[in-house]
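User: I'm new to this one. Can you walk me through it?

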Amino acid sequence: MSQADKMKQGQFTNPETPGYVGFANLPNQVHRKSVKKGFEFTLMVVGESGLGKSTLINSLFLTDLYPERVIPGAAEKIERTVQIEASTVEIEERGVKLRLTVVDTPGYGDAINSQDCFSTIISYIDDQFERYLHDESGLNRRHIVDNRVHCCFYFISPLGHGLKPLDVQFMKAIHNKVNVVPVIAKADTLTLRERERLKRRILDEIDEHGIKIYHLPDAESDEDEDFKEQTRILKASIPFAVVGSNQQIEAKGKKVRGRLYPWGVVEVENPEHNDFLKLRTMLITHMQDLQEVTQDLHYENFRSERLKRGGRKGPEPEEMDKDMILQEKEAELRRMQEMIAKMQAQMQKQGDGEGDGPHV
Amino acid sequence: MEESDTNKTGVVGTEREDGGTGGEQTANMNTANSLKEDKTPSEKETRREQETEEGQTQVEVCRSVPDLQLSIIRDSDLFGYVGIEAVLEQMKLKTIKAGFEFNIMVVGQSGLGKSTLVNTLFKSKVSRKSCTANYEEKISKTVKLHSVTHLIEEKGVKMKLTVIDTPGFGDQINNKNCWEPITTYINEQYEKYLREELHVNRKKRIPDTRVHCCIYFLPPTGHRLRPIDVEFMRRLGTIVSIVPVIAKADTLTIEERLEFKERIRQDLASNGIHVYPQKEYDEDPEEFILNERIRGNIPFAVVGTDKEHNVNGNNVLGRKTKWGIVEVENVAHCEFVNLRDLLIRSHLQDLKDVTNNVHYETYRVQRLNESNMTFSELGFSTWPLENGTGARCDSDSHL
């Protein structure tokens with residue numbers, strides 16, 4: 001029986017090993033607390049229309065995030081700019097709750113002139129950081145809601161010969177703000193050789209343009225061999241070539257999720273057919289790491305930029321408003337702190353004056 | 001813009017000369033190729049049948065001036081064999097000697113399989129990729145037009161096939177007016193032809209570089225037409241015959257394909273886009289029925305490849321994946337066969353006719369009205385005719 005179990009049973013017996021303090025039990029406590037609290041994760045999906053983003057999200061999390069979806073016609077698409085649509089869903093599995101927010105970006109890359117289709121997306125990411133910064137600097141920090149984007153799946157079309165100019169520009173614009181995970185969509189359109197060629201091409205172009213995609217952390221040396229092997233395989237498969245589907249097809253006697261063609265069945269969860277399982281494994285095993293990198297790297301970058309700018313009168317008018325609001329709030333904070341200090345001083349004086357009257 | 005007009009030969013080693021046939025040419029440049037009677041395959045077949053059975057041919061009445069009274073003489077009224085039907089054989093021989101010209105343009109984003117499809121259609125390496133040495137797949141910064149010409153021969157019938165490719169279309173971040181180089185090119189070909197036609201001494205056979213057919217490749221998103229598709233087809237549908245196809249269709253299941261096609265047809269109708277075969281140019285009910293069937297099936301969902309694999313003992317063209325082999329020529333898998341039949345086996349002559357009689361005429365009327373000149377004026381003012389001989393057209397630097 002482990003120490004934790006013994007403690008649970010209320011047996012505060014002496015530990016067997018002398019010199020054992022017991023804080024090895026801390027991870028379990030953290031684990032229990034987090035399970036109770038639940039996890040929050042925000043995932044952004046970006047890519048042209050028709051690349052199977054919604055289908056993939058539904059397949060990954062086995063839900064239907066877009067029940068009443070209407071695909072707009074070309075005429076509507078011409079007038080529309082990029083929208084941001086965030087849908088939140090609470091998923092529970094074996095007692096562990098996950099509050100998943102999926103941020104969709106319909107309209108990206110649809111217009112004939114896609115010159116400013118990413119300004120909306122970048123403002124959204126910055127807004128979330130701003131809000132978090134504001135909450136963090138606020139008075140009541142107990143219930144900070146973390147809506148920062150932890151990961152961005154960027155969907156690359158399998159039809160081209162590599163990255164398109166739009167892909168390169170977009171990824172360069174956000175690689176310092178969010179973890180970018182490139183994904184090759186609709187991979188059932190490629191033969192194995194074409195897939196390998198495309199992956200190599202994309203990796204070369206990413207290097208060439210200096211795009212910083214999310215890199216899986218190397219396995220620690222004390223992890224077991226299986227995990228190390230798994231991490232190695234995952235790292236070698238980036239970008240993942242995926243196929244999404246929630247339809248159950250009957251294949252070889254068993255029911256699998258897949259796509260039924262006249263020439264065969266593409267199984268979503270078959271590692272020989274596509275990298276869906278690898279993508280899911282990566283997301284789940286490294287969800288914590290994605291959040292950490294967002295907090296430690298991207299958010300800190302944003303914060304230092306922001307505070308540097310907040311010091312002097314900002315050059316951009318919209319930033320100035322936010323600066324002013326921040327400064328006002330800080331001034332208010334100081335005022336309130338002064339007031340509190342004054343009240344405390346008063347009470348102390350009163351208390352001294354009255355001797356041992358009831359203290360406030 | 002780059003120029004790469006390579007004249008390569010197919011099986012036959014010689015190149016067809018202009019006027020080499022030495023046959024009679026009609027004044028309005030309707031060569032032997034474009035007689036209307038050879039249009040539909042059913043008609044062709046019946047005529048062939050009828051050719052073999054002597055004395056049973058029906059005389060076809062030509063449409064004439066309304067007031068003129070024409071009496072129909074059936075061959076049961078003839079008291080002997082005249083030999084009128086032998087004109088068909090003469091036509092055929094002339095046509096074979098003269099050969100055909102066909103100019104096809106492929107438009108679509110990079111990576112949609114345009115070059116592969118053209119190679120598959122004509123079962124030979126006719127696309128720009130196969131002909132340029134050291135070909136590298138890089139997205140070009142502007143829309144360039146790239147034309148490659150080949151002479152293909154099959155069973156003694158020669159065809160001069162020109163494939164015009166449009167790399168760079170729709171690939172940039174800002175694709176505004178990316179169709180302009182294409183419309184300019186098409187109009188230039190009409191202009192070239194018009195100039196040749198208006199010469200005082202014109203050639204026996206005007207080289208026909210007009211675009212007879214434009215295949216527009218739609219990406220298999222499964223949703224609807226995109227704004228760029230609508231803009232392009234709207235602008236070009238009035239000057240050239242557009243045949244839209246769904247590229248790389250092995251990414252759509254059968255239901256998705258049907259839904260996608262239905263939505264595209266709705267989008268085309270709601271935007272007033274007329275693709276080939278246009279309803280307005282159907283001549284008779286037979287043709288109408290045939291074309292209706294085609295119209296109900298466009299855009300064709302195609303898959304192209306030049307690799308062969310072994311399926312059930314046969315060598316078929318296909319794409320091999322871990323979950324099966326997509327057979328290109330299997331109608332249950334994709335509609336490549338329908339596209340090929342439409343373009344080559346049944347409607348090739350019709351495409352040329354529509355280009356000549358409809359699109360070219362529209363352009364001609366527009367031009368002549370614009371310049372408000374008569375034929376001879378146009379001829380004299382634009383060409384320095386020294387001694388009455390025609391000057392060569394010097395406008396082939398547009399590619």
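Analyst: Here is a short tour of confidence, charges and backbone details. Keep in mind that this is a predicted model.

User: OK, confidence for the complex: what are the ipTM and pTM?
Analyst: The predictor gives an ipTM of 0.71 and a pTM of 0.73 for the complex.

User: And what does chain A average?
Analyst: Chain A has an average pLDDT of 81. At least 70 is reached by 85% of its residues.

User: Where does pLDDT stay under 50 in chain A?
Analyst: Over residues 355-360 of chain A. The model has one contact beyond four places in sequence for that stretch.

User: What about chain B, what's the mean there?
Analyst: The mean pLDDT of chain B is 74. There, 73% of the residues reach 70 or more.

User: Which strand of chain B has the highest confidence, and which the lowest?
Analyst: Strand β5 (residues 213-218) of chain B is highest, at a mean of 93. Strand β1 (residues 6-9) of chain B is lowest, at 38.

User: Where does chain B stay under 50?
Analyst: One such stretch is residues 1-59 of chain B, with 106 contacts beyond four places in sequence. Another is residues 379-399 of chain B, with 35 such contacts.

User: Switching to charges. How many salt bridges are there over all chains?
Analyst: The structure holds 37.

User: Show me one. What does A:Arg259 pair with?
Analyst: A:Arg259 forms a salt bridge with A:Asp188, at 3.1 Å from N to O. The two residues are 71 apart, so to speak, in distant parts of the chain. A:Arg259 sits in strand β8 (residues 254-261) of chain A. A:Asp188 is in the loop between β5 (180-184) and α7 of chain A.

User: Which residues make the negative surface patch?
Analyst: A:Glu220, A:Asp222, A:Glu223, A:Asp224 and A:Asp226 form it. Of these, A:Asp224 is in the loop between α7 (192-209) and α8 (225-236) of chain A.

User: Now the backbone. Which peptide bonds are cis?
Analyst: One of them runs from A:Ile238 to A:Pro239, with omega near -5 degrees. A:Pro239 is in the loop between α8 and β6 (240-241) of chain A. In chain B, the bond from B:Ile298 to B:Pro299 is cis, with omega near -5 degrees. B:Pro299 lies in the loop between α8 (285-295) and β7 (300-301) of chain B.

User: And what is the phi of B:Asn177?
Analyst: Positive, at about 60 degrees, although B:Asn177 is not a glycine. B:Asn177 lies in the loop between β4 (157-165) and α5 (180-198) of chain B.

Methods. Residues are numbered from 1 along each chain as its sequence is written. Chains are lettered from A and ligands numbered from 1 in the order in which they are written. This is a predicted model: local features need pLDDT of at least 70, side-chain atom pairs count only at pLDDT 80 or more; totals for chains, interfaces and linings use all residues. Side-chain values use heavy atoms; hydrogens and water are left out. pLDDT is the predictor's confidence in each residue, from 0 to 100. Contact means heavy atoms within 4.5 Å. Patches are made of residues with over 30% relative accessible area and no salt bridge: like charges are joined within 9 Å, nonpolar side chains (Val, Leu, Ile, Met, Phe, Trp, Tyr) within 5 Å. Accessible areas come from the Shrake-Rupley method with a 1.4 Å probe; for residues, only the protein chains shown count as cover. A salt bridge is a side-chain nitrogen of Lys or Arg within 4 Å of a carboxyl oxygen of Asp or Glu. Lys and Arg count as positive and Asp and Glu as negative; His and the chain ends are not counted. The place of a charge is taken as NZ of Lys, CZ of Arg, CG of Asp or CD of Glu. Helices (H or I, at least four residues) and strands (E, at least two) are DSSP runs, numbered from the N terminus.
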